[in-house]
Every structure is written in C-alpha cells, then in structure tokens.
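Let's take a walk through this structure together, one chain at a time. Have the sequence and the 3D view open side by side as you read.

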Amino acid sequence: MSSEIIIQTNDLSVYYGAHRGVKDLNLSVQKGEVFGFLGPNGAGKTTTQRVMLDIIHPTKGKSTIFGLDCQKDGVAIRERISYLPGELSLYPSMKASYFLDLFGSLQKNKLDKLYLKQLLELLNLGPSRKIKEYSHGNKQKIGVIAAFMAKKDLIILDEPTIGLDPLVQQTVLELVQEVKDEGRTVFFSSHNLKEVQAVCDRVGIIQNGELIKTEKIATLTSQQLKRLEINFRKEPPHDAFAIEGVKEISRNRNLVMFEVSQDLDRLMEKAAPYGIIDIETKTVSLEEIFFAFYSPQNKGGQNV
Amino acid sequence: MFNLLIHEIRSRWRAILGWGFGLILFGAVYISIFPGLFEQLKSLKDLSIYKLVGMQLGSIEGYMASVILVYVSILLCIYCIIASTSTLAGEEDNGTLELIVAMPLSRWQILTAKAIALSVVALFIMIIASIGNAFILAVIIINNPINVTPFGLFIALISSLPLAFGFIMIGFFLGAILPNRRLSATVMTIFFIASFFVENIAGMVKSLEPIKYFSLFNYYNTTKTIFTDGAQLSDTIILLGTDPQN
C-alpha cells in the first residue's frame, strides 16, 4: 500500500432540503487500500459515493479523487473509476453481452476482451440472454463484471455481494483481493461485516451522516473491544464491576465474562481483591464491534 | 459519446418501424377515402367546427394539408413527447441513469447524445412515413388527378420535422428539470394541446391572433400553400431555435 491519497473528503456535507445526507465527513483512502465503508441503511454511504462520482453536488465541503476535484473534474475522475451501485438497475430488454460491450465502449480505456471472458467464466455467467431473463443473483453478477472488467484504478462497490450465493460471494472477494494485489484501490461499502473483515484494510463507520470511526480492521478488532473471561478464586458480588466501559455479559459462579471497551487497568484493580486464577481473552468479530457502535446505549460508539 | 448515440438509435429500431409504418397506414386510410369524402364535404355549409380542429375542407389540397399533414405531424409529435420526456426522467425512475452518469461522460454529452439520437429516430420515422404516403398518393392520383404531387406531399411531410424537433427539445428540458417522468409528460402534454388549440383558435378569432406566436404549430405551414411553396425558412429557424443547445 502506498501513502498516496486516492480519495479525500473535507468537511463534506450534503443536505436534501432539510434532510441530512452526510455531515462534515472527513475521510481519506490511500492507494492500494481496500477501504470498508460501514453503516446502517440511510447512514449516508450511498450519498458519499454519489458525491465522489459527481452524480450529486455537496452542499458544503469538498471531495477529491486522484487529487482532482470531484465536482470540477468529474469526467477525468470517472475515466479512472468503475462503480457498482447498491440498487443495481439494468436495461431489462438488453442482452447481457450487449450491455457489457456498451458499457465497455463508454470507458476511456480499451476493454480487455480476454479478461472479460475470464470474468464471465469465473462467475459462471452465460451472457447471451436478455437481462430480464436472469435471476436477481445473475443480474448482480453482470453488475460485478461491469465494475471489474475495465481494470480501473479505483473501484467503488456498493453492496457488491448482495443476492449472490456464498460461493460467488467468495469469488467476488477474491476479485477484490486481486485488485488490491495489483496496487489498485477499492472503496467497499457493505452491510456484510464478515466480508468487510475478510478483505478490507481499514474501515470507516458512518452513522446519521457522520463518520464516527476510521480504523484499521486489525486495530479495531484487537484493541477496541475486548472480551475477557476471568476465573476468580472467590465469587465477586454482582455490583463489583460497575465501571464505565466494562460490561459483565455472563457469569457462572466464579467464572465471569466481561466485554471491555477501555484499558484493563480499572477492571484489574477491581478484580484483584477476589483473586484471579486465570484470564482468557476471546476474539471479537467486527460484527460485534459494529453492533456495539450502534447499540442504543452507545450513542455513536464513544465508549467503544 | 458516439457509442451512446448509436446505442440510443439502435435501441429504438422497433419504434422507427412501428411508428413509420403506422403513419403510412394512417395516411393510406385518409388519402384513399378522400375522393368519395370530398363529394360529401361539398354539401356541408358550416365548416367552422372543422377549422377549430385545424381542418380546411374547402378544397382537396386543403383537406390533404389539414388531415394528412396536421395529423401525421401530431402523431409524430406525440411519439417525440413520450420519448423525450421519458428518456432522462424515465431512466432516472428505472434507476439506469446512475449507470450512465457514472461513465466518463459529461452531462452535456449524455444529453446531446440522447437528443440527437431521438431527432435521428424522428427523422427515420418521418422518412419512412413520407415515402409511404407519397407512394400511396401516387397510386390514388392515377384515377383522381389533383394539384398535389407525391413529391410535394413528401416534402410537406418532411417539413414537419422541425416541429417534432422543437417538441423533443422542450421534452428533454422538462425531463431534465422536473422530478419524474409522469410530471414531465403531463406538463408537456398540456403544452402540446394548448399549443395546438391556440394556433387554431387564433386563426379563427382576429383579436386572439397575437397569441398564435406562442404556439409551435404556428411555425409549421399546414395550409395548401405548403404543397407549392414548401416550408418557410424563418419558421424552420424558429422551431429549431427551441433547441436549448443552440
């Protein structure tokens, strides 16, 4: 991964009338990075992507891609970007092969027909039928192929694996990994936290239009939320660990499981009087971290 | 941009054939009945109601101009209105516009490609319709000689294209600025109907004459003089001037 910045947004805000799209969004994505963009429905993920593609204009702030202004140099930027929309709509009466040829011909760079053929084989898609005759999953495959076939420097994927079976999902993740290995960049928006964890280097978490956390996946999973199982010499009382950032999640006599979102000092201090026989740390998935961010008790993940 | 233009034209080949041959059929019916119909019309005393709907039934040439030219051009304009208002707004409704605007094309390139493509489609439709109607007239006048030649009818029908182009450009403009296909089609239909009746009412009521300049139909000659004089260059320029890109 290079330190060259590919995507940069500065105080980016988009309002649809009185409704908030995104608010003061600041993020940067480096070259060769797979950046996961996580957030619930309506959080502002698609709005952010649409500003990047100059489909909509920001109310305030600025976004640049490859150092170019997304609103002033939209065409030059889009020459180097491919995009898979989250709500993919294709032309129903068009043959898949015609669709791929058409969208290939609208690109600036010449389409690598051999690579297109490889993608069709890899995703097991026969392109000779009309799009309306394909299943939802196969339509999504057409969108995936259209996004990858042009070998652009930046690929923006909005829920790329939606509607795909697990085997094809895995193939798509392998394609993302291939793009990363070639030093190209992927902006990966998804609800599927397992796949984000599998392919992304960093993740940005957006809530109510605001970016509340940007962190490396490894850091997020190893440091931010810890799960500890402590075997005490004597059973501690139930109110013994009323500490901010520490949550007791289960108890079996002397064996107590905690979820800790802060340093362990305070917990160890409170635990020591009851005698610690053993401590076991458990792996916390990105999914659990994500839910911790969005739990009603945790407004915006401040305590995570 | 050229690839998008070609795609837009190719995607409408059914419309070209359907509307082209449909307009031939329309013309065939009305051209073939005129010899008998004209005898009946001679007995009619008050023709003002026909004038209201743009018909001049005092002569065969008037009949040809007001029935064939007016209604063929109206039908072509209806197609142009449907197609132009649904091109951008329709793609937005269907969600396919997002794919197009994510391509390395500027907005004006997309709009221009689509507008030119639709104009070319209208041209193809009208060429088919004009050749077909001229051929039918050529067959009919063998036994019923009139002062309208097949070539004159061909030129008169082709002369309606600037009118169609005018509606295409206004349709595109409304499709781009209004939020959905239904609203843009509704506004365009109201404008179209108003434009048609303004032209005809203004022709009947002297005091209303100045408002006829607001009607696009005012700039398409549907009187019998078009068969001999052809379309006025100034009218054609005004109709083409509705193109917002000019």
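Which pattern does chain B follow when read along the sequence? The pattern is α-α-α-α-α-α-α-α-α-α-α, and chain B accordingly counts 11 helices and zero strands. Here helices (H or I, at least four residues) and strands (E, at least two) are DSSP runs, numbered from the N terminus.

Before going further, a word on the ground rules: this is a predicted model, in which local features need pLDDT of at least 70 and side-chain atom pairs count only at pLDDT 80 or more, while totals for chains, interfaces and linings use all residues. Residues are numbered from 1 along each chain as its sequence is written, and chains are lettered from A and ligands numbered from 1 in the order in which they are written.

Staying with chain B, 40% of its 246 residues are buried, a label given when 20 or more other C-beta atoms, placed from the backbone, lie within 10 Å of the residue's own; exposed is 12 or fewer, and partly exposed is in between. Of the contacts in chain B with a separation of 6 or more, 75% join residues 24 or more positions apart. A contact here is a pair of residues whose C-beta atoms, placed from the backbone, lie within 7 Å.

Now look at where the two chains meet. Chain A brings 16 residues to the contact and chain B brings 14. On the side of chain A, the elements giving two or more residues are α2 (74–78) and α3 (96–105).

Chain A itself is divided into domain 1 (5–220) and domain 2 (226–283), with bounds that come from an automatic or database domain assignment. Taken over C-alpha atoms, the centres of these two domains of chain A are 42 Å apart.

Next, find the open sheet of four strands in chain A, which has the order β12-β13-β11-β14 and antiparallel pairing. Its edge strands, each pairing on one side only, are β12 (246–252) and β14 (276–282) of chain A. Strands count as paired if DSSP finds at least two bridges between them; β11 (residues 226–232) and β13 (residues 255–260) of chain A have six, in the antiparallel sense. One place to look is A:K226, whose bridge partner in β13(A) is A:V260.

Finally, visit A:G17, in the loop between β1 (5–16) and β2 (19–30) of chain A. Is A:G17 buried or exposed? A:G17 counts as exposed because it has 5 C-beta neighbours inside 10 Å. The C-alpha atoms of A:G17 and A:T59 are separated by 9.9 Å, with the two residues 42 apart along the chain.

Technical notes. Contact = placed C-beta atoms within 7 Å.
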